[in-house]
Each structure stands twice: as C-alpha cells, then as structure tokens.
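Try each task before you read its solution.

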Amino acid sequence: MQNNVTIHDLATALNIDASTVSRALNDSPRVAQRTKDKILAKADELGYQRNVLASNLRKNTTNTIGVIVPRISRHFFSSAIAGIEETAFQLGYNVIICQSLESLERERNLVASMMANRVAGVLVSVSMETTNYAHLQLLKKNGIPFLFFDRHCEIDGNSNVLIDDFQSGFDATEHLILNGCTQIAHFSGPQSLKIYENRARGYRAALEKHHISYQPELVLQSRLMEEDGMESAKKLLTLNRRIDGVFAANDVSAIGAMKYLKKAGVKIPDDLAIVGFSNEPIAAVIEPSLTTIDQSGHEIGKRATALLLQQIKSEEQVVQPETLVLKTALIARDSSKYVKKE
C-alpha cells in the first residue's frame with residue numbers, strides 16, 4: 001500500500017503551519033532547531049517521504065547527474081561508474097546510469113529522457129554509431145552542462161576527460177616490436193570514433209619509428225565484440241603471410257581472437273603475440289594471461305564528475321572548456337612473450 005502522508009498531515013498532527021513544516025524539512029535557518037527536531041521525528045513516525053519529483057519541477061533542476069555509457073558490463077565502464085558515484089555522493093549528488101548498447105537511437109532517447117527529468121548535468125561516453133551530435137547539442141541549448149569521458153566527439157566548446165589513446169596505441173605496438181614481432185595486425189573499432197582513430201595512429205607511428213612498413217590490409221575494423229575478434233583472427237589466417245603479432249583495441253576482441261587461434265592450432269605467444277586494451281578482469285586469468293593497457297577507469301570517473309560538478313556550480317554564463325588527458329600503463333603478461341624465430 002502506497003504511503004501518502006503529506007506536509008499537511010504533519011502540520012495537522014503537530015498543530016503547526018504547513019509552511020513551517022516545509023521550511024523545516026528543507027533545513028531552513030528560519031525554523032528553530034527544536035521545532036525542526038520535532039517535525040523530523042513526527043515525519044519518521046508517520047513514514048513521510050518527500051516528493052522529490054514535485055520539488056524538482058518547482059526548482060526546474062535536480063541534484064542528479066546522468067551518465068550514459070555504451071555497456072555497463074565492460075570493466076572499464078563499471079570502474080568509471082564507481083568513481084562517478086563515489087565523487088557525486090561526496091558532493092551531494094545522485095546518479096542515474098544508462099547504457100546505449102552502442103545504439104545512436106537509444107542514446108538519443110536517453111538524452112531526451114534526462115532532459116525531461118531535469119538532470120543537472122550529463123556525463124557521456126558515446127556509442128559506436130554516434131556520428132551525428134544534434135541530440136548532444138540539444139543539451140547545451142537547454143542549459144544542461146555535459147562532458148565526454150573516454151569516448152568523445154569533436155564539439156566546439158566542450159570539456160573532455162580522456163586517456164592518451166595515441167600514446168597507448170604506440171606503447172602497445174612498440175611492446176610487440178621490441179619482443180621481436182614484425183608482421184603486426186591491428187583490430188580497430190570504427191574510425192569515426194576518436195579513441196579508435198588515435199589508437200590506430202599510435203599503432204602506425206610505432207611501425208614507422210621501427211621502420212616497419214604499414215600494411216592497410218592488416219588493420220581490421222569491427223565493433224570489437226568477442227565474435228568480431230574470432231572473425232578477425234580467421235581472416236588473418238587466410239593471408240598469404242605469417243602474422244606474428246596482434247594489437248587489439250580492446251580486450252574482448254583480443255580474447256575472441258585467442259580462443260579462435262588456439263582452436264586453429266596457433267600457439268600463443270610462441271607463434272603469435274597479442275596485446276589487448278582495457279585490462280578486463282578476465283585478462284589476468286585467461287590462458288595465457290593477456291598483456292593489456294590499463295585505463296584507470298575509476299580515476300577517469302572521479303575526475304570527470306568533479307569537472308562536471310564544477311561546471312554545474314559555476315556562476316558564469318559561459319564556462320571555459322577543459323580537456324584532461326590521463327596516462328595509461330601497459331601491463332605485460334604471458335600473451336606477448338614472443339621469441340622471434342631465426
């Protein structure tokens with residue numbers, strides 16, 4: 001049975017004006033502490049619950065921020081969400097978490113829903129399909145601050161909290177080269193997304209530094225799901241050359257490739273070395289353990305939230321955009337211990 005105790009019920013029970021009850025529940029300095037305590041005690045006794053939605057409608061905003069990620073199941077995003085919630089809670093804000101499932105249409109609907117619910121601001125990591133930014137611009141037109149974390153779009157005047165994807169791609173590829181690999185493939189995500197474009201540029205720069213020719217046919221684009229990694233590995237085995245290394249733009253596709261290659265009789269890392277990206281928990285326990293790039297998701301979530309709330313609380317009409325770029329770390333494990341054949 002729904003509890004419908006109202007401010008007026010509290011006022012009647014205490015023989016106090018409803019306006020005084022309302023001020024007390026909002027911790028107004030105009031109400032004596034003794035009266036506040038009496039009202040709060042009665043509210044607890046009767047099971048009164050504030051109508052947060054009605055309060056938000058009156059104020060035309062909330063103390064809630066929205067978060068849109070591609071997939072909550074990915075370790076990076078779950079780590080980032082932990083950092084977001086921790087920081088938001090400390091600063092007195094609630095969090096609504098939604099996932100786009102890599103769908104632009106779903107992302108548009110989520111943005112519309114957040115505007116309808118009058119969120120104070122939005123943190124976005126865009127879907128793989130997001131090439132049109134009109135729905136995000138709509139946030140700005142409605143005065144709702146938003147910033148990108150991890151995956152971002154080139155929108156003028158917008159803030160971002162990112163990792164150095166170019167350097168990370170370079171480090172992953174150079175690690176394979178220094179371990180003796182010379183025929184290195186790259187599993188990339190859609191080049192319309194800056195993170196995958198920059199990781200691919202880092203891959204290419206490492207090849208150039210070590211005087212290894214860039215071969216476009218060794219760059220395989222996909223949505224980087226496990227089945228995509230399996231399909232990409234299958235394509236590599238059809239090439240008329242011996243591939244000895246793979247840099248995958250995420251761990252999921254790298255693990256898919258490892259499963260397929262092992263079934264096909266390819267020994268990892270003896271025949272082919274692999275480096276992934278994201279440091280998913282499974283990367284440490286799969287056999288062989290997967291060398292990967294750690295993205296510090298928790299720290300990104302904390303920094304993104306702090307920056308967004310700083311912008312929400314700013315009294316300036318125009319907030320200066322800011323981009324924070326965090327460093328990553330390569331975690332060397334067994335999958336990249338390739339020994340070059342003489």
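**Exercise 1: the cavity lining**

Task: Sort the lining of the largest cavity by residue class, then work out where this cavity sits in the predicted model.

Solution, step by step:

1. Start with the classes: the lining of the largest cavity has six nonpolar, three polar and five charged residues.
2. Now check how many cavities there are to consider. The structure holds one cavity of 30 Å³ or more, and the largest cavity contains about 140 Å³ of space.
3. Next, look towards the centre. The lining is made of 14 residues, and those closest to the centre of the largest cavity are Arg-74, Phe-77, Tyr-196, Asn-250 and Ser-278.
4. Turn to the elements. Two or more lining residues come from each of α5 (75-90) and α9 (194-209). The largest share belongs to α9, which gives three residues.
5. Domain 2 (62-163 + 297-327) and domain 3 (165-295 + 330-336) both contribute to the lining, so the largest cavity lies between them.

**Exercise 2: a pair of helices**

Task: Describe how helix α1 (residues 7-14) and helix α3 (residues 33-46) are arranged relative to each other.

Solution, step by step:

1. Begin with the distance: the axes of α1 and α3 come within 10 Å.
2. Then take the angle, which is roughly 115° at the crossing of these two axes.
3. Classify that angle. Angles of 65 to 115 degrees count as roughly perpendicular, and α1 and α3 are therefore roughly perpendicular to each other.

How values were computed:
Residues are numbered from 1 along each chain as its sequence is written. This is a predicted model: local features need pLDDT of at least 70, side-chain atom pairs count only at pLDDT 80 or more; totals for chains, interfaces and linings use all residues. Side-chain values use heavy atoms; hydrogens and water are left out. On a 1 Å grid over the protein atoms alone, a cavity is a set of points where a 1.4 Å probe fits but cannot get out, and a pocket is an open set with protein on both sides within 12 Å along at least five of seven lines; lining residues have an atom within 4 Å of a point. Grid points are joined across faces, edges and corners, and a volume is the space filled by probe spheres set on the points. Helices (H or I, at least four residues) and strands (E, at least two) are DSSP runs, numbered from the N terminus. Ala, Val, Leu, Ile, Met, Phe, Trp, Tyr, Cys and Pro count as nonpolar, Asp, Glu, Lys and Arg as charged, and the others, Gly among them, as polar. Domain bounds come from an automatic or database domain assignment. Axes are lines fitted to C-alpha atoms, for helices over the stretch in contact, and angles run from 0 to 180 degrees between N-to-C directions. Angles under 35 degrees count as roughly parallel, over 145 as roughly antiparallel, 65 to 115 as roughly perpendicular and the rest as oblique.
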